[in-house]
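This briefing is meant to be read with the sequence and the coordinates side by side.

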Amino acid sequence: MSQKVEPMVIITVVEDRPGVLYKVSSVIRRKGINIDAITVAPTTEAGVSKMTFLVNTDSNTINQLVRQIEKVPTVILVGSSPLKNLHSRELALIKVNVSKPSDKEVIYALTSKFKAQVVEEEAFTMTIEIVGPPSEVTSFINQLKTTTEIVDLARTGPVVLSR
């Protein structure tokens with residue numbers, strides 16, 4: 001019987017040393033799992049970082065990955081959870097084409113609806129910042145695509161905390 005594949009998060013607390021990201025991501029790569037997003041940042045403890053991996057897989061595979069990642073010598077702690085069970089936020093910066101006069105009005109209405117911010121406005125482009133749950137960021141981007149041309153896009157991937 002096959003298990004349900006869903007967005008899952010692997011959180012690792014590691015010693016902040018060169019090569020740790022490579023070692024942990026190699027465990028995931030060897031299992032043939034695509035990493036959809038990675039965030040890495042220092043914790044409040046000196047020399048310790050938290051790495052968050054977003055993958056789409058089932059709970060059996062996640063459990064196997066966690067057991068294998070625990071064996072990496074510089075890993076201090078490993079955990080996993082379905083993305084939906086965590087507090088998660090993602091940041092996106094999106095530059096859009098606003099060469100038509102009506103574009104700006106539509107985009108301002110959309111940014112208001114999603115509580116996004118215009119961080120720069122030029123003659124023919126606008127740069128917008130949105131912070132929110134990954135599904136909300138994706139919904140905003142999809143609605144922008146129906147409104148105007150996206151010139152450039154950068155997303156952080158989810159940053160998560162347990163509930």
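The points below are grouped by topic, beginning with the chain as a whole.

The model is predicted. Its chain has a secondary structure of four helices and nine strands, which follow one another along the sequence in the pattern β-α-β-β-α-β-β-α-β-β-α-β-β.

**Overall dimensions, surface and charge**

- The C-alpha trace of the chain spans about 60 × 45 × 30 Å along its principal axes, and of the 163 residues of the chain 40% count as buried.
- When contacts are taken between residues at least 6 apart in sequence, 72% of them join residues that are at least 24 apart.
- The accessible surface of the chain amounts to about 9500 Å², and carbon and sulfur atoms account for 53% of that area.
- There are 19 positive and 17 negative side chains in the chain, and 9 Å separates the centres of these two sets.

**Strand S3 and its partners**

- Strand S3 (48–57) is largely enclosed by the rest of the structure, because eight of its ten residues are buried, that is, under 20% relative accessible area.
- S1 and S3 run antiparallel and are joined by ten bridges, while strand S2 (residues 35–42) also runs antiparallel to S3 and is joined to S3 by seven bridges.
- Thr 52 in S3 is the bridge partner of Ile 11, and Thr 52 is likewise the bridge partner of Thr 39.
- A hairpin is formed by S2 and S3 with five residues between them, and in its turn Gly 47 has a positive phi of about 80 degrees.

**Nonpolar cores**

- As a general background, nonpolar side chains in soluble globular proteins tend to be buried together.
- The largest nonpolar core in this model has 18 residues, and those with the most contacts inside this core are Ile 10, Val 24, Ile 28, Ile 62, Leu 65, Ile 69 and Val 75.
- At least two residues of this core are supplied by each of S1, H1, strand S3 (48–57), helix H2 (59–69) and strand S4 (75–82).
- Val 24, one of the residues with the most contacts inside the largest core, is in contact with Thr 12, Met 51, Phe 53, Ile 69 and Val 75 when its neighbours within four places in sequence are left aside.

**Two partly exposed residues**

- Gly 19 is placed in the loop between strand S1 (6–15) and helix H1 (20–30), and Gly 19 counts as partly exposed because its relative accessibility is 37%, which falls between the limits of 20% for buried and 50% for exposed.
- Although Gly 19 and Thr 74 are 55 residues apart along the chain, their C-alpha atoms are separated by 9.6 Å.
- Gln 143 belongs to helix H4 (residues 134–147) and, with a relative accessibility of 26%, also counts as partly exposed.
- From Gln 143 to Val 98 the C-alpha to C-alpha distance is 15 Å, and the two residues are 45 residues apart in sequence.

Methods:
Residues numbered from 1 in each chain as written. Predicted model: local features only at pLDDT ≥ 70, side-chain atom pairs only at ≥ 80, totals over all residues. Heavy atoms only, no water. Buried < 20%, exposed > 50% of the residue type's maximum accessible area, 1.4 Å probe, protein only. Contact = heavy atoms within 4.5 Å. Areas by Shrake-Rupley, 256 points an atom, 1.4 Å probe, with all protein chains shown as cover. Lys, Arg positive; Asp, Glu negative; His and termini not counted. Charge placed at Lys NZ, Arg CZ, Asp CG, Glu CD. Core = buried A, V, L, I, M, F, W, Y, C linked by side-chain atoms within 4.5 Å. Pairing = 2+ DSSP bridges.
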